[in-house]
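Take a look at the sequence and the structure, then read on.

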Amino acid sequence: MENVEQKFQSAIDAEIKIEPRNWMPDAYRKTLIRQISQHAHSEIVGMLPEGAWITRAPSLKRKAILLAKVQDEAGHGLYLYSAAETLGESREQMINDLHSGKAKYSSIFNYPTISWADMGAIGWLVDGAAILNQVMLCRTSYGPYARAMVRICKEESFHQRQGFDILLTLANGTPEQKAMCQDAINRWWWPSLMMFGPKDSESTNSDQSMKWKIKRKSNDELRQNFVDMCVQQVKVLGMTLPDPDLKWNEGKQQHDWGEIDWDEFWAVVKGNGPCNKERLDARRNAWNKGAWVREAAAAHAAKQAAKQKQ
Ligand code: FAQ
């Protein structure tokens, strides 16, 4: 006779999705709450670096596109918070954990956006990295997370294309625009590689998450796919990637690349990146400024509920 834990693993092995009402080990629930809420926080904090450029977009068309992209990110955050709520975690708790610094969000959003070309580099590289990870998550074992990912991936593909289009326009522009494009690629390349997380040998959660099919590809596998993809795409831009050690490895039929600065990665993850403080301050301020909206919405809901009872 299989016990509940074995039955659960058998369902995972048989590719049966786990749904909110199904039994699940406590550690599976906790891992998902951690990952999904961190993913949601990344989307919400991720609105800040690009939000700063909405008023400075170079044309009405670019402004409308960027506005739509940033709104999509808010939507992604909301689907993801909802998916995490199905596991029994309250939204308030998740937000508190972000504001207190307990919960993480992606390291990438702690870097500054100093030129318009950064909007292109974020779309191409950051959304490009996010998509590779999220395509895998469309097949993750927890149903609500997998379903949220399907829609998110469609929108992320548009985001990546718009970023590439910004860079392509700059790459075909004046010498100053070309230089701006190359500079943005230089600054965003290494932080984008860090998005995939620590090396597999240092990844504390991977083994268990792979066994539970929460993750289906390892951090290093996804990073490798990303490098191979970008090497091809950067040629279309006529730009280069800032890594002298990047080269084709005939034996493994993939690229080798230089060492990531892991000290920088861990410093950013631990709260000491260039913009960590600014990002968290912005989120806390927005939360405080929105208090009256939450109160008004709760008062309205209470009135409606009282009316229905009459
Ligand atoms: N930044 O054992 P692992 C986006 C932490 S969405 C900060 O390998 P795991 C859309 C990790 O949490 C981008 N912390 O962890 C967009 C763990 O600490 P913990 C976000 C990181 O979970 C685009 C510790 O290191 N995407 O960009 C990072 O198995 C443009 C050990 O690591 C997701 O969140 C990092 N980069 O694998 C929005 C996808 N890497 O929690 C706006 C879902 C690792 O034990 C503009 N998440 N850590 O205290 C995942 O797939 C996984 O959580 C990984 C990490 C792959 C991120």
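## A serine in a helix

S42 has its place in helix α2. Helices here are DSSP runs of H or I with at least four residues, strands are runs of E with at least two, and both are numbered from the N terminus. Before going further, a note on the source: this is a predicted model, where local features need pLDDT of at least 70, side-chain atom pairs count only at pLDDT 80 or more, and totals for chains, interfaces and linings use all residues. Residues are numbered from 1 along each chain as its sequence is written, and side-chain values use heavy atoms, with hydrogens and water left out.

Is S42 buried or exposed? S42 is buried, because its relative accessible area is 10%. Buried means under 20% relative accessible area, exposed means over 50%, and partly exposed is in between (1.4 Å probe, protein chains only). If you set aside the neighbours within four places in sequence, S42 is in contact with Y105, S106 and F109. Contact means heavy atoms within 4.5 Å.

Now find helix α7 (residues 143-171) and helix α10 (residues 219-237), which pack with their axes 9 Å apart, at an angle of about 40 degrees. The axes are lines fitted to C-alpha atoms, for helices over the stretch in contact, and the angles run from 0 to 180 degrees between N-to-C directions. α7 and α10 are therefore oblique to each other. For that word, angles under 35 degrees count as roughly parallel, over 145 as roughly antiparallel, 65 to 115 as roughly perpendicular, and the rest as oblique.

Which residues make the contact? On the α7 side they are Q160, F164, L167, L168 and A171, and on the α10 side M229, Q233, V236 and L237. The residues of this contact divide into 7 nonpolar, 2 polar and no charged. Here Ala, Val, Leu, Ile, Met, Phe, Trp, Tyr, Cys and Pro count as nonpolar, Asp, Glu, Lys and Arg as charged, and the others, Gly among them, as polar.

Helix α7 also holds P144, and P144 is buried, with a relative accessible area of 14%. P144 and P20 are 124 residues apart along the chain, with their C-alpha atoms separated by 7.9 Å. Leaving aside neighbours within four places in sequence, the contacts of P144 are I18, E19, P20, A83 and T86.

## Rings that pair up

Next come the aromatic side chains. Rings of Phe, Tyr and Trp (its six-membered ring) pair if their centres lie within 6.5 Å; planes under 30 degrees apart count as stacked, over 60 as edge-to-face and the rest as tilted. By this rule the count is 10 aromatic pairs. One of them is F8 with W23, an edge-to-face pair at 6.1 Å centre to centre and 80 degrees between the planes. This pair links distant parts of the chain, as F8 is in helix α1 (residues 4-13) and W23 is in the loop between α1 and α2 (26-45), 15 residues apart. F8 is buried at 4% relative accessibility, while W23 is partly exposed at 42%.

W262 and F265 are edge-to-face too, because their ring centres are 5.5 Å apart and their planes at 90 degrees. Both residues lie in helix α11 (residues 262-269), 3 residues apart, about one turn of the helix. Ring pairs also link F8, W23, Y28 and W212 into a cluster.

## Cysteines

How many disulfides does a search of the whole structure find? The search finds 0 disulfides, a disulfide being a pair of cysteine sulfur atoms within 2.5 Å. For C181, the nearest cysteine sulfur is that of C230, 13 Å away.

## Loops and a few accessibilities

Two residues other than glycine have a positive phi: K213, at about 60 degrees, and Q253, near 55 degrees. K213 lies in the loop between α9 (206-211) and α10, and Q253 in the loop between β1 (247-249) and β2 (254-256).

Here are some more accessibility values.

| Residue | Relative accessible area | Class |
|---|---|---|
| K7 | 51% | exposed |
| C181 | 0% | buried |
| K213 | 17% | buried |
| Q253 | 45% | partly exposed |
| W262 | 16% | buried |
| F265 | 5% | buried |
| C275 | 5% | buried |
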